[in-house]
Number of protein chains: 2
Amino acid sequence: METIDTLIHARWVIPIEPDGVVLEHHSIAIHDGRIVAVVPHAEARAHYRAEAVHQLEQHALIPGLINTHTHAAMTLMRGLADDLPLMTWLQEHIWPAEQQWVNEEFVHDGTQLAMAEMLRGGTTYFNDMYYFPDVSARAASAAGMRSTVGLIVLDFPTAWASNSDEYLSKGLELYDQYRNDPLIRTAFAPHAPYTVSDEPLSRIQTYVNELEIPVHMHVHETAGEVQQCVAERGVRPLQRLDQLGLISPTLLAVHMTQLIDGEIDLVALRGAHVVHCPESNLKLASGFCPVQRLLDAGINVALGTDGAASNNDLDMFGEMRSAAMLAKAVAGDAGALPAMQALRMATLNGAKALGIDELVGSLLPGKAADVVAVDLSSIETQPLYHPVSQLIYACGRDKVSDVWINGQQVLNGRRLTTLDENAVLARAQDWQGRIRRHS
Amino acid sequence: METIDTLIHARWVIPIEPDGVVLEHHSIAIHDGRIVAVVPHAEARAHYRAEAVHQLEQHALIPGLINTHTHAAMTLMRGLADDLPLMTWLQEHIWPAEQQWVNEEFVHDGTQLAMAEMLRGGTTYFNDMYYFPDVSARAASAAGMRSTVGLIVLDFPTAWASNSDEYLSKGLELYDQYRNDPLIRTAFAPHAPYTVSDEPLSRIQTYVNELEIPVHMHVHETAGEVQQCVAERGVRPLQRLDQLGLISPTLLAVHMTQLIDGEIDLVALRGAHVVHCPESNLKLASGFCPVQRLLDAGINVALGTDGAASNNDLDMFGEMRSAAMLAKAVAGDAGALPAMQALRMATLNGAKALGIDELVGSLLPGKAADVVAVDLSSIETQPLYHPVSQLIYACGRDKVSDVWINGQQVLNGRRLTTLDENAVLARAQDWQGRIRRHS
């Protein structure tokens with residue numbers, strides 16, 4: 001008998017690797033933050049004595065969901081301005097509100113609120129882009145949550161930095177600080193082609209070649225920004241980014257709703273990753289990302305919620321469902337993006353895009369124990385013929401019962417263990433009072 | 001002081017009529033199944049003494065949601081066959097399974113499961129189309145739930161009837177039985193243009209002119225059925241139905257994803273209603289219903305989930321959210337179908353389509369007390385700037401706490417009061433075992 005930290009017996013385990021497998025009556029053995037084994041119940045009981053044993057007889061275990069594009073702190077502006085196009089929403093509502101309110105306290109409180117929501121919905125890792133990434137990194141680390149914090153770069157001044165030099169130098173400092181952290185990673189996050197000029201983009205690519213961290217960027221989100229680039233520079237944004245050397249295996253191109261012939265081939269050829277945000281694209285009427293065509297071209301497609309100010313939640317279950325359903329209608333093929341592939345996009349594909357698939361994204365022995373338990377026993381998910389179908393097409397995030405990150409249980413029977421839910425809510429309501437009075 | 005049955009004090013009341021209104025710190029007074037008053041807390045406390053008083057200080061009250069198109073009993077086949085186009089799904093999976101399994105017991109157990117799901121999600125009324133409508137009517141009545149049961153008509157034999165004469169005669173019998181029922185209504189439900197021939201359709205229209213009950217029909221769901229009709233008859237299905245006199249204010253045309261110039265004008269001119277099922281249309285890759293164009297033409301558009309075998313849930317919160325988001329992308333306008341209009345589609349517009357808007361669909365004094373309380377205090381719905389934005393864009397159906405139908409509390413703190421949840425689940429699992437062994 002081997003003594004380990006945690007043993008979770010579950011009705012189903014969906015490891016994502018190998019592809020397509022659903023294990024029944026299996027257990028996950030966890031020690032020192034890592035998955036030691038994924039084996040049948042009887043074998044687990046015969047081999048392991050665990051400090052903590054969980055009997056989840058009506059649950060499916062899946063890898064922690066990876067929200068590959070969000071702006072966590074913006075959760076404090078959830079529902080502040082709806083039913084508006086992207087540029088009106090940004091220029092007349094969000095940017096003025098950010099100019100007035102964003103500071104370290106805002107980012108701390110907003111990131112905590114976002115993490116509370118994400119953990120309660122089975123998300124264990126978020127790829128973030130926002131101001132004061134040092135604050136969100138500290139908040140994530142304190143909550144035991146994984147994050148790739150974006151080293152944001154813009155041409156214009158904000159409360160975080162006054163010009164691209166300062167954005168970059170502050171970013172590089174943060175990169176150094178977290179380069180060996182167990183939970184926090186960093187990525188360059190030039191906001192978008194229309195907000196960052198050539199010089200800082202070239203410098204970023206130079207650093208990327210040296211540091212080998214990802215580049216996280218909004219690309220071809222709307223038709224308007226593509227037209228503007230063509231009018232001003234005579235090329236489409238993807239062409240411009242390629243000329244600058246940014247279309248590479250380190251790029252996470254977010255949104256990508258505007259793609260013409262040749263651009264999908266270019267992205268595939270360069271090995272760049274696409275982050276699909278179906279609900280944000282719908283709600284802001286940005287356009288339809290041709291997900292099935294991207295997958296058919298061999299491109300790695302991950303999933304993100306975008307910020308809760310646009311979307312208006314951080315619900316990866318909702319995003320998987322929307323992605324699977326929308327891809328079918330856009331492709332005109334009900335066989336497009338089947339349920340298992342949607343789950344893979346929200347887990348392993350996100351890990352691949354972020355360059356951390358050796359650590360997370362599937363339930364393989366040796367990987368970190370980032371595990372989510374979903375209770376499939378209630379009215380909404382019965383009868384049950386295929387657990388993965390249930391997870392994608394019938395399940396709400398409210399069915400997530402327990403979450404482990406790096407072996408630590410961060411959600412226990414729907415109770416958060418590393419965040420004080422009442423304190424997080426109190427601070428959200430305090431911000432609501434301040435922001436509402438001035439908006 | 002007037003003595004009444006029930007007084008509900010809520011943080012917000014969204015009555016739907018008058019349009020756009022959000023009442024703060026209001027109460028709903030209920031007596032003998034009807035809404036007596038919607039007034040501020042202080043006024044309510046001064047005027048009414050109630051048998052039951054509910055303090056819902058963090059909740060919004062909305063009218064009961066009306067699921068204007070479903071096949072309730074099919075919930076027993078939830079997730080049986082996914083990621084397939086409509087005709088493959090119907091002809092190779094659903095119709096064979098129905099032929100083998102559908103009987104009175106199946107319809108009873110499936111309808112109870114569906115109602116348990118719908119009540120837990122704030123749906124108080126469902127417009128149903130399925131076999132053995134007598135059984136579903138009895139089940140709904142026993143559960144205290146409202147339903148318009150469809151008097152289904154098909155050309156081909158099923159366990160319910162062997163030919164159109166028998167479908168119609170059994171339907172008319174049911175119409176007679178329920179003509180004065182407080183909860184149950186009936187509608188003719190010829191399945192679709194491609195499954196019902198001219199003669200029964202003409203007879204249905206003759207009866208409709210006399211009985212003035214609705215006609216509930218799948219219309220222009222897929223491109224294939226339209227092409228088939230053109231090939232076989234030289235006209236599109238809508239033309240054929242118009243020639244038969246069916247396009248009228250009594251028609252609920254469900255799906256309507258395939259519309260060419262002139263067809264929207266025709267539907268508007270005839271005063272027919274459209275039932276939009278956004279998630280079913282996406283998942284089966286049926287096409288995009290041009291919702292904003294229908295609304296702009298003055299057509300009354302209601303919302304339905306479709307059956308859980310295709311969709312795979314009966315979640316009207318999800319359907320409102322999908323409808324609001326998808327309409328924006330389809331119209332290319334982020335201002336299309338704003339949140340308040342989505343809520344209206346799921347309540348008053350459904351009531352109008354079914355010809356019962358004098359009774360339900362809004363929280364006006366004199367109407368039936370079909371009321372849903374939604375708790376907006378948790379992490380997922382905070383901060384809160386606009387309650388309707390929260391209901392549509394951030395809220396899950398799990399936030400529904402309490403439901404009243406005709407003044408009777410059918411959901412109390414998320415517990416069903418008229419259905420035995422464990423018994424319903426046990427029967428669903430029993431059917432799962434039978435169906436799985438043979439599929």
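In this predicted model, helix 5 of chain B crosses helix 6 of chain B in a right-handed sense. The two stretches involved are residues 164–178 for helix 5 of chain B and residues 198–211 for helix 6 of chain B, and their axes sit 11 Å apart at an angle of about 15°. Since angles under 35 degrees count as roughly parallel, helix 5 of chain B therefore runs roughly parallel to helix 6 of chain B.

As for who touches whom, helix 5 of chain B brings B:Ser164, B:Asp165, B:Leu168, B:Leu172 and B:Tyr175 to the contact. Facing them from helix 6 of chain B are B:Glu199, B:Pro200, B:Arg203, B:Ile204, B:Tyr207 and B:Leu211. Sorted by class, the residues of this contact come out as seven nonpolar, one polar and three charged.

Now to chain A and its own pair of helices. Helix 5 of chain A (residues 164–178) packs against helix 6 of chain A (residues 198–211) at an angle of about 15°, with 11 Å between the axes. That angle makes helix 5 of chain A roughly parallel to helix 6 of chain A, and the crossing is right-handed. On the helix 5 side of chain A, the residues in contact are A:Ser164, A:Asp165, A:Leu168, A:Leu172 and A:Tyr175. They meet A:Glu199, A:Pro200, A:Arg203, A:Ile204, A:Tyr207 and A:Leu211 from helix 6 of chain A. The class count for this contact in chain A is seven nonpolar, one polar and three charged residues.

How do the two chains relate? Two copies of a chain are related by a rotation about an axis plus a shift along it.

The interface itself involves 63 residues of chain B in contact with 63 residues of chain A. About 5,000 Å² is buried between chain B and chain A, and carbon and sulfur atoms give 56% of that area. Three residues, B:Asp83, B:Ile379 and B:Tyr385, supply 17% of the area that chain B buries against chain A, more than any other three residues. Finally, 100% of the interface residues of chain B are also interface residues in chain A, so the copies meet through the same surface.

Conventions:
Residues are numbered from 1 along each chain as its sequence is written. Chains are lettered from A and ligands numbered from 1 in the order in which they are written. This is a predicted model: local features need pLDDT of at least 70, side-chain atom pairs count only at pLDDT 80 or more; totals for chains, interfaces and linings use all residues. Side-chain values use heavy atoms; hydrogens and water are left out. Axes are lines fitted to C-alpha atoms, for helices over the stretch in contact, and angles run from 0 to 180 degrees between N-to-C directions. Helices (H or I, at least four residues) and strands (E, at least two) are DSSP runs, numbered from the N terminus. Angles under 35 degrees count as roughly parallel, over 145 as roughly antiparallel, 65 to 115 as roughly perpendicular and the rest as oblique. A crossing is left-handed if the near helix is turned anticlockwise from the far one by less than a right angle, and right-handed if clockwise. Contact means heavy atoms within 4.5 Å. Ala, Val, Leu, Ile, Met, Phe, Trp, Tyr, Cys and Pro count as nonpolar, Asp, Glu, Lys and Arg as charged, and the others, Gly among them, as polar. Buried area is the accessible area (1.4 Å probe) that two parts lose on being put together, summed over both.
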